[in-house]
Amino acid sequence: MSRDVIVVGAGPVGLMMAGELRLVGADVVVYEKLPAPARESRGASLTRRAVESFDQRGLLARLGATEPADAHFGGVPIDLDLLEEDHSGARGVSQFRTERMLEDWAGDLGVPIRRGYEVTDLDQSPDGVEVTLKGPQGPGRDSARYLIGCDGGRSTVRKLAGIDFTGPEPTRGFYTADVTGIETRRRRIGENLPDGSMIMAMDLEDGVTRVVAYERGMRPKDREALSYAELADAWQRLTGESIHHGQCRWISCFTDASRVAAHYRRGRIFLAGDATHVQPPAMAQGLSVGVQDAVNLGWKLAAVLAGHAPDTLLDTYHAERHPIGEQLARNARAAIELRLTGQEMAPLREVLGELLTHKDAAAHLAGVLSGLGIRYDMGPGAHPLLGRRMPPRQELTRPDGTRTRVAELLHPARGVLITTDGADGTGGKAAQLAKDWTHRIDLVTATWSTHPAGPAPQALLIRPDGYVAWTAPGSDSDLTDALTRWFGAPHPPARPL
């Protein structure tokens with residue numbers, strides 16, 4: 001095969017995927033059918049976990065300043081001040097801005113991004129995947145050991161791979177546009193109207209306002225036939241305000257459809273982002289969940305390509321991420337019904353609002369929306385961090401007195417084993433055993449300057465995506481088992497201690 005991986009789609013998910021792979025040495029190319037980066041910004045917010053994922057790769061400075069996003073479920077606010085940990089995402093971050101940041105990063109890593117190339121067919125063999133392309137110079141072909149479709153909700157790769165994309169048919173349509181030159185009251189989490197209609201207005205950068213409008217009974221619209229006058233007319237009927245004088249930079253529509261791919265992997269073909277899950281932007285999660293798909297798959301595929309891990313590691317991508325996609329689709333449907341059903345849903349909204357004044361209920365729903373509530377199966381154990389992401393803001397003090405955040409340890413996209421000098425020598429024993437995996441993980445000896453709630457671990461194994469795979473104390477399984485499961489066989493072979 002001519003290369004390791006072909007990524008189809010140069011949106012945020014495809015670019016994040018390519019960067020993750022290239023960061024650890026994979027030979028990857030990105031094909032994008034659009035001839036130039038899109039100026040539109042379908043996504044305008046990031047969840048807390050997406051922000052943390054960028055932080056883990058040192059990308060936040062590239063992204064620039066952000067503002068905390070309000071949290072809600074179907075228009076019912078969640079008071080994040082009730083929680084001990086920061087669950088707030090980032091609002092007003094245009095998708096174009098995110099894409100530009102990720103394209104610069106991938107370019108700095110040496111990823112070729114070939115625009116104007118559309119995949120029209122593919123052929124999978126036991127050894128790889130060959131794609132047929134239609135490009136600026138006419139038809140062509142390329143091949144790789146693996147293919148990843150990050151090509152959106154109408155994914156060509158998904159269709160050619162024969163992967164089902166199931167979910168109910170859409171029943172509602174929504175206008176959305178980016179407009180300059182208007183003054184309207186900001187409704188950042190949206191405003192439910194008594195009859196079941198909804199409006200939203202939020203700031204993007206450079207004086208742009210994102211507006212969304214839904215009139216009760218509005219059916220899905222033909223995207224190609226939209227006009228700004230239609231949206232402005234609807235806005236005036238719903239609010240009494242005229243925005244007809246605004247300059248529309250971009251207009252589109254979306255529906256209340258929620259679908260999930262039946263499989264995230266078929267042989268040597270993978271799907272990520274909207275190619276695996278689409279839903280209405282009721283909770284501003286689609287782009288962010290796609291970024292997390294990329295961070296979950298990238299290091300695993302790179303490990304298999306390098307010969308460090310068996311192919312079975314790749315099966316954990318579907319096992320871990322497919323339930324997240326199903327949960328996302330379910331929650332989006334629930335949020336849309338809660339928001340748009342009208343006055344008959346008012347009692348349920350009131351009950352949910354009362355529940356969310358309780359810390360446990362607020363923490364659960366905030367964790368679902370922020371991505372901080374995800375817990376993967378890392379084997380049995382009682383430590384509250386096991387299977388969860390390690391908060392990247394937590395700090396360690398090294399033997400030389402310097403302090404570092406966990407996020408900084410994850411910049412190279414390698415595993416990390418953090419050990420301290422416990423009274424029983426647990427940390428030292430763990431570090432000694434893990435020396436046979438230093439081709440895949442970094443060993444860090446330090447003390448905790450700050451650490452999350454729960455007992456301070458004497459040893460902690462973190463996967464490259466930031467999730468805790470093993471702790472001592474806390475895990476019932478052996479460190480060797482955890483290292484082998486996530487990082488392959490030792491090199492040289494493990495010696496009994």
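Let's start at proline 399, which is exposed at a relative accessible area of 72% (buried means under 20% relative accessible area, exposed over 50%, and partly exposed in between, with a 1.4 Å probe and protein chains only). Proline 399 sits in the loop between strand 23 (395–397) and strand 24 (403–405). Helices (H or I, at least four residues) and strands (E, at least two) are DSSP runs, numbered from the N terminus. From proline 399 to asparagine 296 there are 103 residues along the chain, and their C-alpha atoms are separated by 31 Å.

Before going further, a word on what you're looking at. This is a predicted model, in which local features need pLDDT of at least 70 and side-chain atom pairs count only at pLDDT 80 or more, while totals for chains, interfaces and linings use all residues. Residues are numbered from 1 along each chain as its sequence is written, and side-chain values use heavy atoms, with hydrogens and water left out.

Now zoom out. The protein chain has 13 helices and 29 strands. Its radius of gyration is 23 Å, close to the 23 Å that the globule rule gives for 497 residues, so the chain is as compact as a globular protein of that length. That radius is taken over C-alpha atoms, and the globule rule is 2.2 Å times the number of residues to the power 0.38. Along the principal axes, the C-alpha atoms fill a box of roughly 75 × 60 × 35 Å. Of the 497 residues, 56% count as buried.

Leucine 147 is one of the buried ones, with a relative accessible area of 0%. You'll find leucine 147 in strand 12. Leucine 147 and leucine 385 are 238 residues apart in sequence, and 33 Å lies between them, C-alpha to C-alpha.

Arginine 154 is exposed, at a relative accessible area of 63%. What does Arg154 form together with Lys33, Lys159 and Arg223? The four make up a positive surface patch. Patches are made of residues with over 30% relative accessible area and no salt bridge, with like charges joined within 9 Å and nonpolar side chains (Val, Leu, Ile, Met, Phe, Trp, Tyr) within 5 Å. The place of a charge is NZ of Lys, CZ of Arg, CG of Asp or CD of Glu.

There is a nonpolar surface patch too, formed by Leu348, Val351 and Leu355, with about 260 Å² of accessible area together. Accessible areas come from the Shrake-Rupley method with a 1.4 Å probe, and for residues only the protein chains shown count as cover. Leucine 355 belongs to helix 9 (residues 346–355) and is partly exposed, at 45% relative accessibility.

On to the charged pairs. Side chains of opposite charge can pair when their charged atoms come close. Here a salt bridge is a side-chain nitrogen of Lys or Arg within 4 Å of a carboxyl oxygen of Asp or Glu, and the count comes to 37 salt bridges. One of them joins aspartate 27 and arginine 3 at 3.8 Å, N to O. This pair links distant parts of the chain, 24 residues apart: aspartate 27 is in the loop between helix 1 (12–23) and strand 2 (28–32), and arginine 3 is in the segment before strand 1 (5–8). Aspartate 27 is partly exposed at 34% relative accessibility, whereas arginine 3 is buried at 13%.

Glutamate 215 and arginine 237 form another salt bridge, with the closest N and O atoms 2.6 Å apart. Glutamate 215 is in the loop between strand 17 (208–214) and helix 6 (228–239), and arginine 237 is in helix 6, 22 residues apart. Arginine 237 counts as exposed, at 55% relative accessibility. Arg49, Glu52, Glu85 and Arg389 are linked in a network of salt bridges.

Finally, two backbone spots. Alanine 413 has a positive phi of about 60 degrees although it is not a glycine. Alanine 413 lies in the loop between helix 11 (406–409) and strand 25 (415–419), and counts as buried at 5% relative accessibility. Further along, a cis peptide bond joins alanine 472 and proline 473, with omega about 0 degrees. Proline 473 is in the loop between strand 29 (468–472) and helix 13 (479–487).

Conventions:
Lys, Arg positive; Asp, Glu negative; His and termini not counted.
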